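Please take a moment to look over the structure below, and then follow the explanation alongside it.

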2 protein chains.
Amino acid sequence: MTRWATYYVAIFVAHLQGPMKVFATLLTVILVSSPCALALWPIPRSLKTGTTLVKLSSSFSIDVSVENAPQDLLNAVSRTKTQLFADKLGRLVVGRGANDTTALAQAPVLNKLTLSLSSGAASAKSIMQEATKDIASRSEGYSLTLPATGGTATISASSTLGLFRGLTTFEQLFYTTGDTVYVFQAPVTITNDSPAFPFRGFMLDTSRNFYPVADIKRTLDAMSMVKLSQFHWHVTDSQSFPLTIPGFPELSQKGAYSSAEIYSSDDVQDIVSYAGARGIDVLMEIDTPGHTSAISTSHPEHIACAAAAPWENFANEPPAGQLRLASSATANFTANLITAIAKTLPSTLFSTGGDELNTNCYTQDAQTQKDLKSSGKTLEQALNTFTQTTHGALKALDKTPVVWEEMALVHNVTLSKSTVVMVWISSQNAAAVAAKGLRLVHGPSDFFYLDCGAGEWIGNNPTANSWCDPFKSWQKAYTFNPLANLTSSQTSLVLGGEQLLWSEQAGSENIDSIVWPRAAASAEIFWTGAKLPDGTPLNVKSALTRLHDIRYRMVQRGIKAINLQPQWCALRDGQCNFDN
Amino acid sequence: MTRWATYYVAIFVAHLQGPMKVFATLLTVILVSSPCALALWPIPRSLKTGTTLVKLSSSFSIDVSVENAPQDLLNAVSRTKTQLFADKLGRLVVGRGANDTTALAQAPVLNKLTLSLSSGAASAKSIMQEATKDIASRSEGYSLTLPATGGTATISASSTLGLFRGLTTFEQLFYTTGDTVYVFQAPVTITNDSPAFPFRGFMLDTSRNFYPVADIKRTLDAMSMVKLSQFHWHVTDSQSFPLTIPGFPELSQKGAYSSAEIYSSDDVQDIVSYAGARGIDVLMEIDTPGHTSAISTSHPEHIACAAAAPWENFANEPPAGQLRLASSATANFTANLITAIAKTLPSTLFSTGGDELNTNCYTQDAQTQKDLKSSGKTLEQALNTFTQTTHGALKALDKTPVVWEEMALVHNVTLSKSTVVMVWISSQNAAAVAAKGLRLVHGPSDFFYLDCGAGEWIGNNPTANSWCDPFKSWQKAYTFNPLANLTSSQTSLVLGGEQLLWSEQAGSENIDSIVWPRAAASAEIFWTGAKLPDGTPLNVKSALTRLHDIRYRMVQRGIKAINLQPQWCALRDGQCNFDN
């Protein structure tokens with residue numbers, strides 16, 4: 001209930017007398033307990049709704065008016081049909097929608113949903129093909145109608161990916177009371193809802209602690225519920241190397257925590273397909289040349305300062321260990337392993353990392369010093385050569401390199417204009433990346449790092465907090481402005497952003513609870529953009545109602561998203577706000 | 001590996017030459033990868049260990065040399081037998097203990113464990129009877145031997161509760177590699193390990209969000225693993241009233257979130273029995289006279305300022321609502337409902353709460369003002385009368401009242417000398433409670449509040465942090481000193497302490513991950529006391545190895561305790577510390 005609505009109802013009531021006043025007071029109570037906006041997340045960029053209840057026919061069907069419809073679209077349609085009846089989500093109002101029962105008895109019935117492609121359907125690509133296209137050329141828009149008279153709803157789009165986004169929205173329109181599945185704000189009209197930014201991501205670090213494939217799939221389910229488009233898989237790091245790379249089996253055989261903590265090639269393809277079918281592109285990262293200590297378990301010849309002590313002198317965290325970037329053998333080895341894995345992936349993006357390079361590691365490494373001397377290069381020059389080798393390998397596969405911000409801002413590395421730079425150290429650094437004319441993705445630690453604020457994990461400092469305190473609340477993430485400090489000509493360089501889970505203190509046990517619903521915050525920022533469909537700016541006050549809703553829906557689907565408030569508040573829109 | 005041990009081995013190696021040096025270097029590596037202390041949590045107050053591997057016989061048996069052994073002891077023995085083979089926990093070293101395989105082939109075999117009561121066994125009480133005795137008269141001590149020659153291990157105690165504590169320790173001695181279950185530091189000798197403090201608790205708020213019985217039982221399992229003795233069940237509050245009270249069914253019928261979110265009388269007895277059989281006493285709290293808004297759903301006549309707006313004027317959090325403490329009808333109603341539930345519980349402790357009373361709520365309540373006027377009492381005098389009524393009801397049941405610190409430090413309430421006061425606002429306030437000669441339990445928000453640091457949950461403040469920032473890390477909790485600022489004559493007033501989970505942002509989804517292994521920190525402080533068995537002070541550096549161990553064991557048992565560090569660190573004792 002918006003504040004002005006309460007206000008006008010109050011005036012209305014104040015001017016009535018007698019029985020009408022009692023009736024109107026009841027009306028006020030009813031209105032106050034009904035949120036005005038449909039609880040969609042991210043909220044469509046255009047949205048019109050009414051006040052009519054429409055119930056779903058028990059023989060509800062979805063017609064796919066797409067010739068030679070791809071299998072992943074048909075599967076998505078099948079999942080939607082199942083989910084509509086399986087969600088069993090009661091409205092987040094007192095009584096959970098039981099008060100709708102009487103009105104539902106007479107409500108019009110929705111029998112059908114039709115999906116159609118606005119462009120010629122003969123050559124329809126799969127959702128996965130559309131989702132893994134070049135980041136600049138994806139088509140995710142869709143339109144949706146659900147009439148107040150029931151009958152037939154429609155979703156139209158110019159791609160199967162757009163149809164899938166529309167199905168995701170459609171599922172979120174429905175609630176259940178008793179055995180009735182229904183929408184309570186028909187008619188619903190959404191016209192060309194398409195994302196403000198194409199890169200809407202979530203990053204998971206599977207090296208510091210391992211996550212079974214089932215955890216990743218469940219995470220992809222949650223991501224697709226909020227229309228995220230990129231799974232940034234930070235798959236390896238210094239702690240473990242859980243990835244099987246064709247031709248390099250020794251990397252995971254010796255570098256994984258155990259044989260049970262490895263992603264096989266089949267696992268990788270399984271994850272990539274599962275993601276693709278849900279509109280998600282997998283951006284894999286093999287972080288180089290730093291964060292590679294685990295490679296020393298199988299290839300000590302390529303790693304400088306492996307597990308050197310004290311680790312503080314050689315790395316930002318234990319264990320130390322970096323690829324010998326000045327060695328052409330090591331550069332070729334790295335390019336080869338990147339090629340071997342990248343060519344198995346459909347994405348056009350691949351990250352070579354590039355963060356937190358420790359100079360002292362190389363100063364102390366006799367082999368690196370010898371390599372530098374023989375080539376006559378400085379360390380920075382050698383880093384550039386190393387990067388050209390790894391990026392060259394990606395370009396040979398027609399892929400676009402992704403790097404952490406240091407490669408653009410700290411080092412003297414030549415980056416092609418297509419390179420995507422991930423800003424992580426501070427949100428303030430985006431402007432400097434843009435000033436270099438490079439495309440960027442926001443992943444700032446001061447807004448989007450999900451691990452912050454859980455105490456120091458290094459073992460022997462009883463009073464320390466995490467380096468990126470405080471905890472990044474969903475509200476903090478939600479107030480991020482993707483275009484802050486950029487000129488209008490630079491805004492097109494912003495591909496989007498992602499929230500990130502580094503796994504020093506995370507694992508299978510808390511992945512759901514540390515990520516959800518928080519990571520939905522950026523999903524809305526980068527889909528909906530700066531303004532709600534009514535033209536008002538995004539704001540945490542109105543977002544909370546809808547965020548509760550998607551959180552409760554995630555829980556219904558087995559994703560252990562945490563409570564944002566006591567349930568008392570979740571059922572009473574606005575009553576747990578500060579009075580300001 | 002302690003620092004001095006590494007040091008002496010290094011000197012030893014430095015003086016060797018040739019093949020012996022190679023051998024000794026290998027030895028160093030092996031030693032460095034083996035923690036010296038058994039990974040027991042809490043660590044026994046007396047502990048001697050050796051270096052011999054002893055494996056468990058596949059026909060291992062436990063003999064209970066106790067006449068008429070109570071059923072809950074026999075059940076505990078049965079669980080231990082199952083758990084020894086079910087834990088399948090590998091040692092937290094590189095290789096997870098696979099290197100022990102060769103030595104194990106020749107290792108002596110442990111065939112039997114015998115349990116005996118040192119006092120006459122004829123009248124053995126059940127574990128539950130012992131665990132629910134008056135807090136000052138419980139007997140939890142035990143002795144344990146496990147010979148390096150295998151054969152028979154022993155646990156002796158003067159109560160079944162002590163035997164149960166011994167079984168808990170015994171289970172933690174064992175690791176698994178392949179199909180072999182074994183202890184690696186026999187002989188083990190523990191002589192009269194008994195707790196420094198009897199009250200070692202964990203508090204759960206089941207009102208702000210609801211937890212199914214299965215969550216509570218799993219929490220009790222985890223609590224018993226670290227020898228916690230008190231489950232403080234903050235069962236009701238302003239948000240919901242999930243407790244069925246005999247004779248007052250309307251309280252939960254109308255005050256619970258839903259009919260599915262109620263603890264029935266059978267559930268309560270189930271929880272109390274489950275806890276008792278695991279050495280845990282259930283201290284139930286019905287918070288009064290504040291934090292009672294939910295009672296207004298069934299008894300509006302007893303509640304002042306129910307859900308009054310703006311809530312900030314009437315309560316510390318929404319919704320407002322407090323028992324009309326100046327009304328004798330309300331006082332009697334409250335005493336009656338406390339009697340009705342307390343008499344179904346075996347514990348001698350029961351909490352009437354008493355925190356965060358809002359004066360303005362009563363100033364604005366016409367009924368309370370009328371009641372005060374007619375009785376001629378001040379609000380403080382009326383509070384005292386109210387408290388005498390509720391505490392009188394408890395004393396009539398031979399139970400001891402427990403209150404939050406405000407009742408002792410803020411209000412003019414007469415408290416009997418047996419009253420137990422819970423210190424929560426600040427650890428600094430313990431001294432003031434002790435100065436009044438009252439017994440106390442530590443639950444300070446600046447050390448033990450598990451909810452702190454997760455952002456503001458009130459809805460419309462994007463930048464706010466939680467009121468009790470920062471996050472209370474396990475390290476912070478572990479550095480708590482129960483006797484700080486107390487005179488030696490006051491130390492006997494300290495019954496112990498507890499870590500607490502308030503559930504504004506918690507629920508079934510994150511109970512395990514937000515509580516464990518953090519809540520094990522205070523379990524050791526209050527069992528082991530200030531010093532480790534070797535006489536050195538408790539310290540986070542040596543604790544971490546053992547805390548990892550109990551965390552990994554919890555995970556094996558289905559408790560989703562979170563990672564404290566990357567697994568790389570968990571397997572390499574001390575290598576992820578700061579070099580200081």
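The paragraphs that follow look at one helix and then at several salt bridges.

Keep in mind throughout that this is a predicted model. After helix 13 of chain B comes Asp398(B), which has a positive phi, near 65°.

We can now turn to charged side chains. Counted over all chains, there are 40 salt bridges. One of them joins Asp221(A) and Arg278(A), with 3.3 Å between the closest N and O atoms. Asp221(A) belongs to helix 7 of chain A, whereas Arg278(A) sits in the loop between helix 9 and strand 9 of that chain, so the pair ties together parts that are 57 residues apart in sequence. The two partners can also be described by their accessibility: Asp221(A) is partly exposed, with a relative accessible area of 24%, while Arg278(A), at 10%, counts as buried because a residue under 20% is called buried.

A salt bridge may also pass from one chain to another, as the side chains of Glu509(A) and Arg551(B) show by meeting at 3.0 Å, N to O. Here the pair crosses between chains, from the loop between strand 16 and helix 18 of chain A, where Glu509(A) lies, to helix 20 of chain B, which holds Arg551(B). Both Glu509(A) and Arg551(B) are buried.

Within chain B, Glu504(B) and Arg208(B) form a salt bridge whose closest N and O atoms are 3.0 Å apart. Glu504(B) is found in the loop between strand 16 and helix 18 of chain B, and Arg208(B) in the loop between strand 7 and helix 7 of chain B, so this pair ties together parts that are 296 residues apart in sequence. Glu504(B) is buried, with a relative accessible area of 8%, and Arg208(B), at 3% relative accessibility, counts as buried too. In chain A, salt bridges that share partners join Asp205(A), Arg208(A), Asp237(A), Glu317(A) and Glu504(A) into one network.

Notes
Residues are numbered from 1 along each chain as its sequence is written. Chains are lettered from A and ligands numbered from 1 in the order in which they are written. This is a predicted model: local features need pLDDT of at least 70, side-chain atom pairs count only at pLDDT 80 or more; totals for chains, interfaces and linings use all residues. Side-chain values use heavy atoms; hydrogens and water are left out. Helices (H or I, at least four residues) and strands (E, at least two) are DSSP runs, numbered from the N terminus. A salt bridge is a side-chain nitrogen of Lys or Arg within 4 Å of a carboxyl oxygen of Asp or Glu. Buried means under 20% relative accessible area, exposed over 50%, partly exposed in between (1.4 Å probe, protein chains only).
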